[in-house]
Amino acid sequence: MKIKRLPLIFLMLLALIMINPNKTYAFTDMDKHWSVEYVDFLAEKNLVSGYEDGSFRPDNNITRAEYYRLINSLVGYNKSYAVSFSDVKKSDWFYDEVARGIKAGYIIPTTGNLNPNRYISRQEVVKILGLVYKLEEEPDKIKDFKDKNLIKEDTKGYVGTLVDLNIIQGFPDGNFKPDQEITRGEVSKIIYLTMDKFKDLKPSYLVDSEIKFGPRGLYE
């Protein structure tokens with residue numbers, strides 16, 4: 001009888017090993033969060049970081065400056081351009097990130113405010129990804145969104161592409177909500193899926209000529 005039970009005991013031990021209850025995560029508050037797979041992957045690549053207490057706070061909204069830092073790390077942007085925004089000072093932690101974004105071409109410099117600490121919107125996230133990956137634009141893919149007219153013209157094609165690839169989705173009410181704020185966990189998922197879909201597509205600098213300035217209130 002004991003011999004017959006050995007295989008069962010073995011399988012139970014194997015199952016416990018596979019479950020691995022002692023698994024550690026990159027951040028202290030991620031073990032039960034839906035975005036843990038994406039956040040842990042990006043943390044291993046040194047693309048995201050947490051807070052001093054060891055948490056990631058995936059349900060917190062992400063700011064423009066935080067997203068710029070993520071994009072710069074993702075692509076490897078390290079060249080910079082003079083910053084003219086009135087609310088970006090050299091003493092700010094994000095000064096270099098903004099300078100790199102301008103040089104890369106996904107931030108248009110102005111003499112107005114950038115509002116770097118403002119939470120970034122869903123359509124801003126998509127537009128920057130579309131630009132740095134130079135994605136083919138598919139504006140017809142947004143035709144089913146009730147609020148498609150609220151998506152900016154220069155962003156519609158990129159939204160359509162990422163929707164078609166199932167990297168981003170709309171909401172159950174049929175809207176895309178382009179101006180809605182987006183969380184750190186949601187951005188982590190989008191970046192993870194974009195990296196997975198475009199393994200062979202290398203992001204690059206967008207501008208090779210003189211950088212042109214935009215209108216003063218561009219980022220208001």
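Analyst: Helices are DSSP runs of H or I with at least four residues, strands are E runs with at least two, and both are numbered from the N terminus. The model is predicted, so local features need pLDDT of at least 70 and side-chain atom pairs count only at pLDDT 80 or more, while totals for chains, interfaces and linings use all residues. Residues are numbered from 1 along each chain as its sequence is written, and side-chain values use heavy atoms, with hydrogens and water left out.

User: What makes a space a pocket rather than a cavity?

Analyst: On a 1 Å grid over the protein atoms alone, a cavity is a set of points where a 1.4 Å probe fits but cannot get out, whereas a pocket is an open set with protein on both sides within 12 Å along at least five of seven lines. Lining residues have an atom within 4 Å of a point. The largest pocket has 23 such residues, with E124, K127, K152, L218 and Y219 nearest its centre.

User: What is the volume of the largest pocket, and which helix gives the most to its lining?

Analyst: The volume is about 560 Å³, meaning the space filled by probe spheres set on grid points joined across faces, edges and corners. Helices α3 (64–75), α5 (122–132) and α6 (153–164) each supply at least two lining residues, and α5 gives the most, with five.

User: How does the lining of the largest pocket divide by class?

Analyst: It has ten nonpolar, four polar and nine charged residues. Ala, Val, Leu, Ile, Met, Phe, Trp, Tyr, Cys and Pro count as nonpolar, Asp, Glu, Lys and Arg as charged, and the others, Gly among them, as polar.

User: Which helix gives the most to the lining of the second largest pocket?

Analyst: Helix α7 (184–197) does, with three residues. This pocket has a volume of about 220 Å³. Its lining comprises 13 residues, of which R122, I168, Q169, E186 and I190 are closest to the centre.

User: Why are α2 and α7 called roughly perpendicular?

Analyst: Helix α2 (residues 36–44) packs against α7 at about 70 degrees, with the axes 8 Å apart. Axes are lines fitted to C-alpha atoms over the stretch in contact, and angles run from 0 to 180 degrees between N-to-C directions. Angles under 35 degrees count as roughly parallel, over 145 as roughly antiparallel, 65 to 115 as roughly perpendicular and the rest as oblique. The pair is therefore roughly perpendicular.

User: What makes α5 and α6 fall in a class, and which residues meet?

Analyst: Their axes come within 9 Å and cross at roughly 85 degrees, and α5 and α6 are therefore roughly perpendicular. In contact (heavy atoms within 4.5 Å) are Q123, V126, K127, L129, G130 and L131 of α5 with D154, T155, Y158, V159 and L162 of α6.
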